[in-house]
Amino acid sequence: MRRAGLARMLLRGALRRCPWCGGRGAFFTSWFGKAEACRTCGLRWRRGDVGFELGAAAMAAMIVLGPLILALAVALAITWPEVPVTGLMIGFLTAGLVLPVVLYPMSYSMWQAVDLMMRPVEPDDFALDHLDAADGDDGDDGDDGRVEGGAGDD
């Protein structure tokens, strides 16, 4: 299977899918519970890198703080010079506490996409024992991860 482009893999991660194969519910068994490998293709989320969680935390900071800073700039531009400091503080503190929890699974899956671009996939990165035919649903969305050759995929 060929690697998809970064944009496609990031989109898959943002949708909580496996960045490699696009399988649904790839690494997460619940909102915070992770499986050892993608339940569709068997790609392990930890591929021998001890710092994976640090990268996922950095991705979480980017996808939470980036929009918050932009929203703060827009709010200040709209309300200047009569800035409602108390209202903005309450709103942004609440968002700063809630968004990391809401975006937790996406940050891991999106970091997996970046990691896949930086470090090529090896055959050892796949767990072959991930397939248990107990439920019969492979979670595949029909997207087999092949790049169609379009320039917009990278």
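1. In this predicted model, helix 2 and helix 4 lie roughly perpendicular to each other, because their axes cross at roughly 115 degrees and angles of 65 to 115 degrees count as roughly perpendicular. The two axes come within 8 Å, and the crossing of helix 2 and helix 4 is right-handed.

2. The contact between these two helices can be followed residue by residue: on the side of helix 2, Phe 52, Glu 53, Gly 55, Ala 56, Met 59, Ala 60 and Ile 63 take part, and in helix 4 they meet Ser 107, Tyr 108, Met 110, Trp 111, Gln 112, Val 114 and Asp 115.

3. Helix 2 itself runs over residues 52–79, and its 28 residues should span 40 Å at 1.5 Å a residue, which agrees with the 41 Å that separates its end C-alpha atoms.

4. Which residues of helix 2 are buried? They are Phe 52, Gly 55, Ala 56, Met 59, Val 64, Leu 68 and Ala 75, and what covers them includes helix 3 (85–102) and helix 4 (104–118). As background to the spacing of such positions, an α-helix has 3.6 residues a turn, so residues three or four places apart point the same way.

5. A separate point for the reader to look at is Arg 12, which is placed in helix 1 (residues 6–14). Arg 12 has a relative accessible area of 4% and is therefore buried, the cut-off for that term being under 20%. The side chain of Arg 12 reaches the backbone oxygen of Pro 19 at 2.8 Å.

Technical notes. Residues are numbered from 1 along each chain as its sequence is written. This is a predicted model: local features need pLDDT of at least 70, side-chain atom pairs count only at pLDDT 80 or more; totals for chains, interfaces and linings use all residues. Side-chain values use heavy atoms; hydrogens and water are left out. Helices (H or I, at least four residues) and strands (E, at least two) are DSSP runs, numbered from the N terminus. Buried means under 20% relative accessible area, exposed over 50%, partly exposed in between (1.4 Å probe, protein chains only). A polar contact is a pair of N or O atoms within 3.5 Å; within protein, one must be able to donate a hydrogen and the other to accept it, and residues adjacent in sequence count only if both atoms are side-chain atoms. The expected span of a helix is 1.5 Å times one less than its number of residues. Contact means heavy atoms within 4.5 Å. Axes are lines fitted to C-alpha atoms, for helices over the stretch in contact, and angles run from 0 to 180 degrees between N-to-C directions. Angles under 35 degrees count as roughly parallel, over 145 as roughly antiparallel, 65 to 115 as roughly perpendicular and the rest as oblique. A crossing is left-handed if the near helix is turned anticlockwise from the far one by less than a right angle, and right-handed if clockwise.
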